[in-house]
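Thanks for coming. I have one structure to go through today, so let me put it on the screen.

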Amino acid sequence: MIEKLKTGLLTFLVLLSIFLSYLLAYSYPKYDPVVPEEYIKTDTLGRQIPLPDMLFPDQLVLHLGNDRHTVLFADLERPQYREIVNIVNQRYMQNFHKTTLGALGLSWDEVRSKRPGLEVRFRDGLPLDVLQEVMQIKGELPAEGDLITRIWIFAQENNEVRTILFTDTASTLYEAEANFSVKDIEKFVKVDDGYPPYKYMPQDYYLPEGNLTVSSPTMSYTQLTEDQLKRTFFVDPALTRSLTEWDGSDIYMDGTRGLQMRGEQRWLTYSDPVAPSVDNKEDLKDNLRSAVQFINQHGGWNGTYGLQKVPQQLLPSSGAYVFRQYYDAYPVIGKRGENIGFVKIVVQKGIVSSYERSTMMPDVRSAVRRDVILPGGAVLEAKLQQYGRIAQVYSVFPAYRPVITDRTLELVPGWAAELRDGTYEFIE
C-alpha cells in the first residue's frame, strides 16, 4: 500500500513539473508599469501662479493736468491700481504703426504737463505677444519683437484719445488704434484730495514732493530641506549622488541633472544641460509658458512675483527669464552680490536648462509691521545729487532691502536706483 502511495505521489510531481515547465516556456508574464509619480510624491512647497498674474506694470504714472502728477506702484490689493489695470486690459489695441518722436509731431513736455493721461510702465519692457496674455492686443503684431517699456494714453484738446507705445529703443515707437475713451481718462486721473504729488525729473522718472510712509515687515521663515528638494527635482531621489564643494555648497546629481545648494546663501541652482540646437529660432512666449509651468511644478513661488526680464530677441538661447519678488507694492532687491528677491530660469526649446531661486519660504502671516518714513522732496533730491553714480541712474523708486537672521526676514524700505547697466543700488 505504501509503495502505491509513493508511486502515485511521484507520478503527480512529475506531471506537475511538466505542467510548470510548459507554463514557463509558452506563457508571458504580465507587467504592471510603475509610473514614477505613483511612488515618488512631489511635495507642494509654494504657491502655483498662472502666467497672467505675473504680467502687471510696476508703475502707473497719472498725469492730472496743470503739471500735476502722481504714481501708483504695484499694489495689487489697492482698488485704484486694480481698476486702472482692469480698464487697460479690457480695451483693445490694434493696427500698430511704427513711428518716431519727430514723426508724431508732439511736444512731450506739453503732453506730460497739460494733457490728462496715464503712463503704464514696465520696468525692463515686455514683448507685445507676452502682453497679449492679459491685454486685448489684436491683429498682426510688429515683426521686430520690440520690448514695450511704456504705454502712454492721453486725451488731446479735441477729446481724441491717443495711445503711444514706447520701446527699449529710444528711436522706435508705435501708435496703436485703441478704444480708450475720455471717460476712461477721467477714471484714470480721479485721485483723492490727499494724493501724494510727484515731480518729473529730466532723467524721465518721478520723485515724491513729500515724504512717503512705507510699512517695514519682519516675519519668520522656513527653509526648503534637502529631502524636499531632492523629491522635487529628481524622479527617484534614491538614485542621486552627492558631494560637497570646497565652498561648502552641496551638489546632488542623478547622471544628467544637477542640484547645487548654497546653505549659507539660502540659494539653489538646478541644471539640466540641453544639447545645442542647429536651429537657433526660439519662441520666447512658448518658452515663457514652459518656464512658469516648470516653476509651478518644482517648488512653486514663495511670494508675489512679476515678470521683469525676458531674453534678448536676437540671442534668445543665451538669456534668462527673471521674475522679481514684490511685497505690498514694492520690489525686493538685495544688495549687490546678494541672491534674493528673484527667480532666474533659462529655457531652450521648451526645456529648462537652468533654474535659480531662494530656498527661503517666508511666513507672511507672522509678519509684524512698523512704519518707516522715506524722505522725499528736497531731501531726496539732495541725496541723489551726492550719489556718486547719478549720471548712470535710469530710475529711482521705493524698494525693500532684505535683512536676514537665523530666524527672521526683515524687509527694510529705502530708495533704490536702477542704473543703465541693469544693476540696482540703494541710495543710502
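Which residue takes a positive phi in the hairpin of strand 9 and strand 10? The residue is aspartate 204, with a phi near 75 degrees, and the hairpin has 3 residues between the strands.

Before going on, some ground rules. This is a predicted model, where local features need pLDDT of at least 70, side-chain atom pairs count only at pLDDT 80 or more, and totals for chains, interfaces and linings use all residues. Residues are numbered from 1 along each chain as its sequence is written, and side-chain values use heavy atoms, with hydrogens and water left out. Helices (H or I, at least four residues) and strands (E, at least two) are DSSP runs, numbered from the N terminus.

Strand 9, residues 198-201, and strand 10, residues 205-208, run antiparallel and are joined by 4 bridges; strands pair if DSSP finds at least two bridges between them. Tyrosine 198 stands opposite proline 208 in strand 10.

Two other aspartates have a positive phi. Most residues other than glycine have a negative phi. Aspartate 67, with a phi of about 60 degrees, is in the loop between strand 1 and strand 2. Aspartate 328, at about 55 degrees, is in the loop between strand 17 and strand 18 (330-331). For accessibility, buried means under 20% relative accessible area, exposed over 50%, and partly exposed in between, with a 1.4 Å probe and protein chains only. Aspartate 67 counts as exposed because its relative accessibility is 52%; aspartate 328, at 36%, counts as partly exposed.

Next, helix 3, residues 79-90. Its buried residues are Gln80, Tyr81, Ile84, Val85, Ile87, Val88 and Asn89. They pack (contact means heavy atoms within 4.5 Å) against several elements, including strand 1 (59-65), strand 2 (68-73) and helix 7 (182-188).

Last, the second largest pocket. A pocket is an open set of points on a 1 Å grid over the protein atoms alone, where a 1.4 Å probe fits, with protein on both sides within 12 Å along at least five of seven lines; lining residues have an atom within 4 Å of a point. This one holds about 660 Å³, as the space filled by probe spheres set on the points. Of its 31 lining residues, Arg47, Asn302, Gly303, Thr304 and Val364 lie nearest the centre. Strand 17 (321-327) is one of the strands supplying at least two lining residues.
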